[in-house]
Amino acid sequence: MALFPQSALQPGVRKREVFGWAMYDFANSGYTTVVITAVFAAYFVGGIAKGAPWGPFAWTVALSISYAIVMFTMPAIGAWADLHAAKKRVLAMATTGCVAGTAALALTSDIGGMSAVALAMALVIVSNTFYSYGESLTGAFLPELATAEGMGKVSGWGWAFGYLGGMLALGLCLAYVLWAQARGLPAAHFVPVTMLITAAIYGVAACATFALLPERAVPQAAAGRQGAWQQLGATFREARAYRDFMWLLACTVCYQGGVAVAITLAAIYAEQVIGFVASETMTLIFVLNIAAALGAFGFGYLQDRLGHKPSLAGTLVAWIVVCVIAASVSTKGGFWWAATIAGLAMGSSQSAGRAMTGVLAPPRQLAEFFGLWTFATRLASIVGPLSYGAITWATGGNQRIAILATSVLFVGGLALLLPINLQRGRAAALRRENA
């Protein structure tokens, strides 16, 4: 079976274009894996914040600010990119911003006290904002490359490539960390190096995307002069005509809030609750990425056969199981089971959500509607981690209660998934295209 079967692609799309598109997932996944999940999150709480009770909350506040910025700007940026056929151009600017911001995180070990906390939070806000722009823009290329019937496969390839990229970045960082720890070097020495490694991989791998992926869209009309807030309101009014898409956005806010907890707080939970050390946490996240890659790739084929909706429902049930296991186990072995299931569910649920968005988005408004999807995922990334941090703080540091409460988000996602009719939603999107 060919890696990119031509039957899954739009007419005229070459396999190398899909490879170039998937390479962006490969490039940017090191950022979430190393910075947001495995290394810098735990270093921020334990090293920069010195293990203070407010550390997890400060970390989630920084991420929430970046997500709020993206929420209120990405739909307008997407609309501008659609009008000017400039998705690739804006993607290049977002890539540059994230790579620079990630590399600058290496500077946080050179200062101490609250100045280090403030600088780290500022750089996380900058880098994560540009990362989120890039994630949305690369998703907007998906419907140009894949047919509606093959969107699950192609989205799955992208996510699988992404987890391979995350494993490469994390593997290199882990090798360096083990070398540094063997020589007695502290985290303040090896964490900055991991930031530089991650930034370098992101920048180099993204070059394949810009070399191989063309901008297939054509300019539509002169850009309007509305600001981000006005454009956001206009976009939402437009999208309200697509009720299945709006149900998908609501569903996304719920379940992606839970996924965001896993991405942003897994390392903190593993180290502070279960008792992992830094090298064990990185190994855990590395294996989680293997499971996620297998889940995303294999699930893409299963998704196109079973249907997007039942497939996503299955992954949400798996996430509920993960929350229950993680909240109840006290051994490292038990937590490994939760992490493995989480990895399989993570790749498949994120791939399914992107594919469903591609099915329901009008072809002439891809970047704009993927901007709305990004609005939903970033709102989720505020609601989930910030709720987790607030519950942890309110319960005197009891993260077990916080992780169990996260299961409510996945239950809500299941409930909001039920009204979605993909056939009806796809027909509505195509009616607009032919109007």
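Is Thr357 buried or exposed? Before we get there, a word on what you are looking at. This is a predicted model, in which local features need pLDDT of at least 70 and side-chain atom pairs count only at pLDDT 80 or more, while totals for chains, interfaces and linings use all residues. Residues are numbered from 1 along each chain as its sequence is written, and side-chain values use heavy atoms, with hydrogens and water left out.

Now to Thr357: this residue is buried, with a relative accessible area of 0% (buried means under 20% relative accessible area, exposed over 50%, partly exposed in between, with a 1.4 Å probe and protein chains only). Thr357 sits in helix α13, residues 332-360. Setting aside neighbours within four places in sequence, Thr357 is in contact with Phe245, Leu248, Phe369, Phe370 and Trp373, where contact means heavy atoms within 4.5 Å.

Let's step back to the whole chain. The protein chain has 16 helices and zero strands; helices (H or I, at least four residues) and strands (E, at least two) are DSSP runs, numbered from the N terminus. The radius of gyration is 20 Å, close to the 22 Å that the globule rule gives for 435 residues, so the protein chain is as compact as a globular protein of that length. That radius is taken over C-alpha atoms, and the globule rule is 2.2 Å times the number of residues to the power 0.38. Buried residues make up 58% of the 435 residues. Of the contacts between residues at least 6 apart in sequence, 85% join residues at least 24 apart.

How do the helices pack? Two packed helices are described by the angle between their axes and the distance between the axes. Axes are lines fitted to C-alpha atoms, for helices over the stretch in contact, and angles run from 0 to 180 degrees between N-to-C directions.

Take α4 (residues 87-104) and α8 (residues 187-212) to begin with: they pack at about 165°, with their axes 8 Å apart. That makes α4 roughly antiparallel to α8 (angles under 35 degrees count as roughly parallel, over 145 as roughly antiparallel, 65 to 115 as roughly perpendicular and the rest as oblique). Residues meeting here include Leu91 and Cys98 in α4 and Tyr202 and Phe210 in α8.

Another pair is α3 (residues 55-84) and α10 (residues 243-274), whose axes come within 11 Å and cross at roughly 170°. These helices, α3 and α10, are therefore roughly antiparallel to each other. Trp59, Thr60, Leu63 and Tyr67 in α3 meet Thr264, Leu265 and Ile268 in α10.
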